[in-house]
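Here is a short briefing on one protein model. Look over the sequence and the fold, then read the points by topic.

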Amino acid sequence: MPDCQLRPATAEDATIVYALICELKQSELDHQAFHAGYLANLEDHNMRYQLAEVDGQAIGLIGLHMQFHLHHARWIGEIQELVVMPQVRGLKVGSQLLAWAENVAREAGAEMTELSTSVKRVDAHRFYVREGYTQSHYRFTKPL
């Protein structure tokens, strides 16, 4: 596989970021709402998006949100999105994106990185365990 390059996602990347997130969710999202939210998130200094590219083609994305947790009295790096296109899974793109997020969080003084993943994403669970993550919480949700 050719070299995978990482770079910050920008407003000009909205279409490809949308496609990557739709791949992650395995569904099409409201494009207008997505676009507005993505642009707003880019303005948030605690939110960072990094694209993985090969030969100028986006093949992966990670979203990192830095937040101060009162119950830790420390900064935490929450990985909100991580997606790698199916055709390049197993080629360490996800590992590169995670390493980037962990380094950014570490440099910002974070105590840890954390993430949530659907209970249905068994392959993702195995990946996160291989990357050194442990299941330490339950996340509960309630539709509104």
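Ala 73 is found in the loop between strands β3 and β4 (74-84). This is a predicted model, in which local features need pLDDT of at least 70, side-chain atom pairs count only at pLDDT 80 or more, and totals for chains, interfaces and linings use all residues. Residues are numbered from 1 along each chain as its sequence is written, and side-chain values use heavy atoms, with hydrogens and water left out. Helices (H or I, at least four residues) and strands (E, at least two) are DSSP runs, numbered from the N terminus.

**Positive phi in loops**

- Most residues other than glycine have a negative phi.
- Ala 73 has a positive phi near 55°, and Ala 73 is not a glycine.
- Ala 73 is exposed, with a relative accessible area of 52%.
- For burial, the cut-offs are these: buried means under 20% relative accessible area, exposed over 50%, and partly exposed in between (1.4 Å probe, protein chains only).
- Asp 55 also has a positive phi, of about 50°, although Asp 55 is not a glycine.
- Asp 55 sits in the loop between β2 (47-54) and β3 (57-69).
- Asp 55 counts as exposed, at 68% relative accessibility.

**Helices α1 and α2**

- Two packed helices are described by the angle between their axes and the distance between the axes.
- Helix α1 (residues 14-25) packs on helix α2 (residues 31-43) at an angle of about 115°, and their axes are 10 Å apart.
- Axes are lines fitted to C-alpha atoms, for helices over the stretch in contact, and angles run from 0 to 180 degrees between N-to-C directions.
- From α1, the contact uses Ala 14, Val 17, Tyr 18 and Ile 21; from α2, it uses His 31, Phe 34, His 35 and Tyr 38.
- Contact means heavy atoms within 4.5 Å.
- By class, the contact of α1 with α2 has six nonpolar, two polar and no charged residues.
- Ala, Val, Leu, Ile, Met, Phe, Trp, Tyr, Cys and Pro count as nonpolar, Asp, Glu, Lys and Arg as charged, and the others, Gly among them, as polar.

**Helix α3**

- Helix α3 (residues 93-107) has 15 residues.
- From its first C-alpha to its last, α3 reaches 21 Å, close to the 21 Å expected at 1.5 Å a residue.
- That expected span is 1.5 Å times one less than the number of residues.
- Buried residues of α3 include Leu 97, Leu 98, Trp 100 and Val 104.
- The cover over the buried residues of α3 includes β1 (5-8), β2, β3, β4, β5 (112-115) and α4 (122-130).
- Gly 109 follows α3 and has a positive phi, near 85°.

**Salt bridges**

- How many salt bridges does the structure hold? There are four (a side-chain nitrogen of Lys or Arg within 4 Å of a carboxyl oxygen of Asp or Glu).
- Arg 7 pairs with Asp 13, with the closest N and O atoms 2.7 Å apart.
- Arg 7 is partly exposed at 25% relative accessibility, whereas Asp 13 is buried at 9%.
- Arg 7 also forms a salt bridge with Glu 53 (3.1 Å, N to O).
- Arg 7 lies in strand β1 and Glu 53 in strand β2, so this pair ties together parts that are 46 residues apart in sequence.
- Glu 53 is buried, with a relative accessible area of 15%.
- Glu 23 forms a salt bridge with Arg 89, and their closest N and O atoms are 3.8 Å apart.
- Glu 23 lies in helix α1 and Arg 89 in the loop between β4 and α3, so the pair ties together parts 66 residues apart in sequence.
- Arg 89 counts as partly exposed, at 45% relative accessibility.
- Shared partners join Arg 7, Asp 13 and Glu 53 into one network of salt bridges.
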